[in-house]
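Let us walk through this structure sheet by sheet, then turn to a helix pair. Keep the 3D view open as you read.

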Amino acid sequence: MNYKNLYLHNVVELKPVQGGEEVQLCRIPNALRLQLHEIAHDSALKTGSVEIRFHMKSDRVKLKFAVLNADQLTGGHTVAEVYHGTFQENAPRILGTHVTEIEIERPKEMELMQMIAGKEQLRFSPDLVRVILPYESHIALVGVEGETELPREGSMPERKMLLYGSSISSGASAVRPTGAYSMRTAEKLGVDLWSLSMAGAAMIDAEMADYIAQLHGWEFAFIELGINMIWDVKNGVPGSPEEFRKRVDYFISTIADAHPDKWIFVTDLFTYMGDVRNGELGQQFRSIVAEKVKQMNRPKLIHIPGKELLTKTSLLTYDIIHPSEEGHLEISNHLAEQISRYLPVTV
């Protein structure tokens, strides 16, 4: 959405903060957020894959942010990144407990960057500033100083990958926002990322399926199913395969029926702790996803086994659920390879 000559990528609604001028960035409509599983009430407000994009008219632009859930973050701070197109600035920016200012200067080597971008056909124009926000934070945009303008035609990729999944798809455990497998995959395929992932709340809600079904403007989708339903966190008991089957059936059917001309790639559980314990429940969940895709028998509905994307438990973090930085890299390498078998790669 557009806001004060800024393009807020992966944002569809702004929530005023305590009646002031600050606005919180929300990735789905607030009415939908409140219909989903209670954990989604929080995770839909997290800024995974959210970017502030703009062209600079003045030589300096200053953005002001507040981290609304800083008290829940390790050390009370988190990390954002600044890119000029696909050119990363030297150091990440720290967003802390107080209002944080990110000041951006026009690069001195813009002419050279433009030449490289043309030669290598980079997916973003170097004069497009991208402030990439962290996945685990609730961020409010407090203000902007300096002159900006909205992205011009051709400065961003037209092709979009729609994403739905868990905290893994949101970028959990990646050291930096662009380290998430989802961001890496979009980069490898030369597309833009449209993320609807719900950290801890990918409960395959019917309301989310209905919402995705009516969305347009994406070329293909990647859907990750299972990890948030295999264990009932609230009650501390294993998830129900019967309930999972019912939700998967509605979710995949609803989206695929609404978009029969679109490529839709569906994965199940990535490699996780259940694979080194008693993996029976995990295998049931995986089979449910595979069987549903097979049963629909659609040429553009493709099942990709999660264990083929993340192949080793040693590529997980110490919780034996979330991928490490190397794990995210492996998923993106395998996923980009799989998708490129069906779709053209523009980079």
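Two strands count as paired if DSSP finds at least two bridges between them. The model is a predicted one. Strand E4 (residues 23-26) and strand E12 (residues 139-145) meet that cut-off: two bridges join them in the antiparallel sense. Val23 has its bridge partner in E12, namely Leu141.

Now move to another open sheet. Its five strands run in the order E15-E14-E16-E19-E20, and here the pairing is parallel. E15 and strand E20 (301-304) stand at the edges with a single partner strand each, so one side of each has no neighbour in the sheet. Neighbouring strands of this sheet are turned against each other by 20° on average, direction ignored.

Strand E14 (residues 160-164) pairs with E15 in the parallel sense over four bridges. Lys160 has Asp192 of E15 as its bridge partner. In a regular strand, side chains alternate between the two faces of the sheet. Strand E15 (residues 192-195) can be read residue by residue: Asp192 and Trp194 point one way, while Leu193 and Ser195 point the other way. Are these residues buried or exposed? All are buried.

Further along the order, strand E16 (residues 220-224) and strand E19 (residues 263-267) run parallel, joined by five bridges. Phe222 has Phe265 in E19 as its bridge partner. Helix H8 packs on this sheet and touches E19 and E20; its direction makes about 155° with that of E20.

H8 also meets a helix. Two packed helices are described by the angle and the distance between their axes. For helix H7 (residues 241-258) and helix H8 (residues 280-296), the axes come within 10 Å and cross at roughly 30°. Angles under 35 degrees count as roughly parallel, and H7 and H8 are therefore roughly parallel to each other. The crossing of H7 past H8 is right-handed. Which residues make the contact? Among them are Phe244, Val248 and Ile252 of H7, and Leu281, Phe285 and Ile288 of H8. The residues of this contact divide into 11 nonpolar, two polar and five charged.

Key:
Residues are numbered from 1 along each chain as its sequence is written. This is a predicted model: local features need pLDDT of at least 70, side-chain atom pairs count only at pLDDT 80 or more; totals for chains, interfaces and linings use all residues. Side-chain values use heavy atoms; hydrogens and water are left out. Axes are lines fitted to C-alpha atoms, for helices over the stretch in contact, and angles run from 0 to 180 degrees between N-to-C directions. Angles under 35 degrees count as roughly parallel, over 145 as roughly antiparallel, 65 to 115 as roughly perpendicular and the rest as oblique. A crossing is left-handed if the near helix is turned anticlockwise from the far one by less than a right angle, and right-handed if clockwise. Contact means heavy atoms within 4.5 Å. Ala, Val, Leu, Ile, Met, Phe, Trp, Tyr, Cys and Pro count as nonpolar, Asp, Glu, Lys and Arg as charged, and the others, Gly among them, as polar. Buried means under 20% relative accessible area, exposed over 50%, partly exposed in between (1.4 Å probe, protein chains only).
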